[in-house]
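Here is a short report on one helix, its packing and some aromatic contacts. Please keep the structure open while reading.

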Amino acid sequence: MSPSSRPRPLLRPRLRPRQCLFWLWLLTLALLVLAVSGSRESQLRIGKAINIFLRYGYLGISMRVIPYNDSAESERWIFKEPTRNIYKNMSALAQSHEDNTPGIFHGDFHMEFCENRRQLFQAYFRDFTIDRLDKPWEAFTGGWFSDNAAKKLGINTSFIQGDYSYVLVRVVRFRETGKLNSEIPINQPLEPEVRERLQQFQVGNLTSAVRFMESFGTHYVNSYTTGNSLYQVFVYSRKNYKMIKDRVKSKGLNALSKLDLYNYFAPWFAEHLGQIRSASGNATVERWARRKLQYEYYVVKYVTLLKLHGNSTLLRSLDSLLGNDAILQLDLKAMNVAFRGYPEKERWFHEVLDNNMKLWELNMPLNHPSR
């Protein structure tokens, strides 16, 4: 074959540097548009709305509030729930701050006395409020059966049943706090989709109300606090529980000696000492606790969170380990603010919301007689 008859290789056009930059910019813009065009996000931000019925009774699946599974350490999320923007320009109405001053433990140490397991669930979720819900902790614990409840709380299953009382001891490290400075103004501009749906909202039409909740949510984030915590559950007989509660109530926790504290929270006084757990399920922090918070009394060794009480050295060491991995406080307000210009629609929305909440509460396993 002669050189002139050989097939010539296809010539590929070469892009100049400016053309490369142009196409890279165009691709980046396209990706941004795709991201923005997705109407749902997963961010814990002031003013964003969520639909609590997506996970009602199981909100802990999508909010990092208590250890959920054994692989939690490799997962770096705090909030997975789909959220929506309802109003524009909400950043001007909100404030947030972080507590990161080195050498200072930004948190508190507290204990709560619980007559029974329901009070124990309530105590753990004390700082979680959901507007128009009398028992907000049930939105997180309604799906808890004895075995998984015990695992989350760090105690043996046999002690979540039966005639026992509990003391929840917790050390909390606050990182980031966000809240609305004041009530959302009535003239705050709504997102176009929300405004359009409000115009179409039909009083007396159940489907209209349910679809609004599915599209835009039932509640919005009014305030939140993130960080992490260590907690331990101590299980007592009724007699010993009453004794320690009366003693602490009469004298106060700070008036008790270290010897009294160690005696009241020791294996020979409590029926059972739970494991020290991290709210985020951080295995590194839990290993640190098992190593550093071990107490020895003669031949008896046990791990107790009480060793942190008043110990500034250990608290500073813990401060560097507890990250911004869990939600410690959350206040959700009902979406009535979006309906303030439409009083009849607002009443209908709340009627449907309240009825749905009551139905979901009644159907939660926690409320069944067998529980």
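Just after helix 6, G217 takes a positive phi of about 110 degrees. Helices here are DSSP runs of H or I with at least four residues, strands are runs of E with at least two, and both are numbered from the N terminus. The model is predicted: local features need pLDDT of at least 70, side-chain atom pairs count only at pLDDT 80 or more, and totals for chains, interfaces and linings use all residues. Residues are numbered from 1 along each chain as its sequence is written, and side-chain values use heavy atoms, with hydrogens and water left out.

Which residues of helix 6 are buried? They are S208, A209, F212, M213, S215 and F216. Buried means under 20% relative accessible area, exposed over 50%, and partly exposed in between, with a 1.4 Å probe and protein chains only. Their cover includes strand 1 (49-50), helix 5 (192-200) and helix 11 (343-362).

Helix 5 also packs along helix 6. Their axes come within 11 Å and cross at roughly 175 degrees. The two helices are therefore roughly antiparallel to each other, a label for angles over 145 degrees. Helix 5 brings E193, V194, R197, L198 and Q200 to the contact. Helix 6 brings S208, R211, F212, S215 and F216. Contact means heavy atoms within 4.5 Å.

Now the rings. The structure holds 25 aromatic pairs. Rings of Phe, Tyr and Trp (its six-membered ring) pair if their centres lie within 6.5 Å; planes under 30 degrees apart count as stacked, over 60 as edge-to-face and the rest as tilted. Two stacked pairs are tabulated.

| Pair | Centre to centre | Angle between planes |
|---|---|---|
| F125 and F140 | 4.7 Å | 10 degrees |
| Y262 and Y295 | 3.9 Å | 10 degrees |

F125 sits in the loop between helix 2 (117-124) and strand 4 (128-130), and F140 in helix 3, 15 residues apart. Both are buried. Y262 lies in helix 8 and Y295 in strand 9, 33 residues apart. Y262 and Y295 are buried too.

F125 and F140 also belong to one aromatic cluster with F121, Y124, F128, W144 and Y231. Over the face of Y124 lies R170, at 4.7 Å from the ring centre. A charge sits over a ring if NZ of Lys or CZ of Arg is within 6 Å of the ring centre and within 35 degrees of the ring normal.

Key
Axes fitted to C-alpha atoms, helices over the stretch in contact; angles between N-to-C directions. Parallel < 35°, antiparallel > 145°, perpendicular 65-115°, else oblique.
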